[in-house]
Amino acid sequence: MLALGALAPVQALAGAWVQPKGKGQAIVKYERLSADGGFDASGQERDLPAERRDAALGLFAEYGASDRLTLQLKADWQDGEDAFVDYNGRGPIEIGATWQVWRDDRNAVSLYGGYTWAGEGRNAGYAQPGVGEHDWEARVSVGRSLGEMGARWGMDGSFVELQAARRLRDGLPDETRIDATAGARIGRDWMVLGQAFGGAADGGSRWLSLETSVVRDFGGWSVQAGWRQTVAGREAAIARGPVLAVWRRF
């Protein structure tokens with residue numbers, strides 16, 4: 001199937017397509033973001049009283065329990081500081097499942113439900129470390145393989161995907177999130193990804209971050225390197241920095 005050929009290496013980033021039964025992958029990801037400015041309540045840029053630094057070493061794992069159901073786990077360890085706090089500890093742990101609602105050779109639709117147990121780190125980018133208790137998330141993902149359109153631009157496989165989510169939080173404002181991903185395979189072993197992560201907390205912070213990265217395959221392993229940047233928001237730090245990851249498919 002064309003969609004499988006274009007998307008198999010990026011299942012974790014393209015949630016509209018679930019893992020095949022008995023197959024899965026694990027991704028270990030390191031992020032180190034820093035900010036010396038932020039957006040105020042009106043969206044204007046302001047200097048922070050001191051540089052903010054947030055680093056995280058995270059794990060994402062998923063496994064196909066059936067051809068239509070994929071189980072997922074997310075967790076990380078965080079370290080950071082700003083003008084008011086210096087912290088180090090476990091971040092949130094999230095468990096969830098994605099159900100393949102519909103799929104054909106080019107298109108896919110899925111629904112995700114997840115539960116998150118807060119940690120000692122930042123449970124939301126705009127919150128102080130340790131603030132928050134429990135979260136529930138519902139997410140819908142819609143994806144499409146571009147097929148011949150990608151081939152005309154010299155790409156062996158490409159896709160686009162849009163996700164919309166509602167997160168109900170205990171101890172923090174509820175959130176609405178909209179994320180978008182576009183990916184393209186260049187040759188046999190290379191892939192480029194572009195992502196946008198947007199969200200709004202009820203009555204408070206808003207954010208939009210862009211991330212670009214390159215992925216190199218080595219058999220069942222892949223290495224990813226990229227850059228993330230906050231480009232718009234309210235009551236949010238203007239964070240930027242590198243993103244590095246190692247993927248293992250099994």
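Begin by selecting L48, R52, D82, Q128 and A237, which lie nearest the centre of the largest pocket, a space lined by 17 residues. Here a pocket is an open set of points on a 1 Å grid over the protein atoms alone where a 1.4 Å probe fits, with protein on both sides within 12 Å along at least five of seven lines; lining residues have an atom within 4 Å of a point. The model is predicted: local features need pLDDT of at least 70, and side-chain atom pairs count only at pLDDT 80 or more, while totals for chains, interfaces and linings use all residues. Residues are numbered from 1 along each chain as its sequence is written, and side-chain values use heavy atoms, with hydrogens and water left out.

The volume of the largest pocket is about 270 Å³, that is, the space filled by probe spheres set on the grid points. Next, colour β1 (24-39), β2 (45-64) and β13 (236-237), each of which supplies at least two residues of this lining. Strands are DSSP runs of E with at least two residues, numbered from the N terminus. The largest share, four residues, comes from β2. By class, the lining holds 10 nonpolar, three polar and four charged residues; Asp, Glu, Lys and Arg count as charged, and Gly is among the polar ones.

Now move to strand β5 (residues 93-103) and strand β6 (residues 107-117), antiparallel strands joined by 10 bridges. Two strands pair if DSSP finds at least two bridges between them. β5 and β6 form a hairpin with three residues between them. Select T98 to find its bridge partner in β6, Y112.

Y115 stands opposite W136 in β7.
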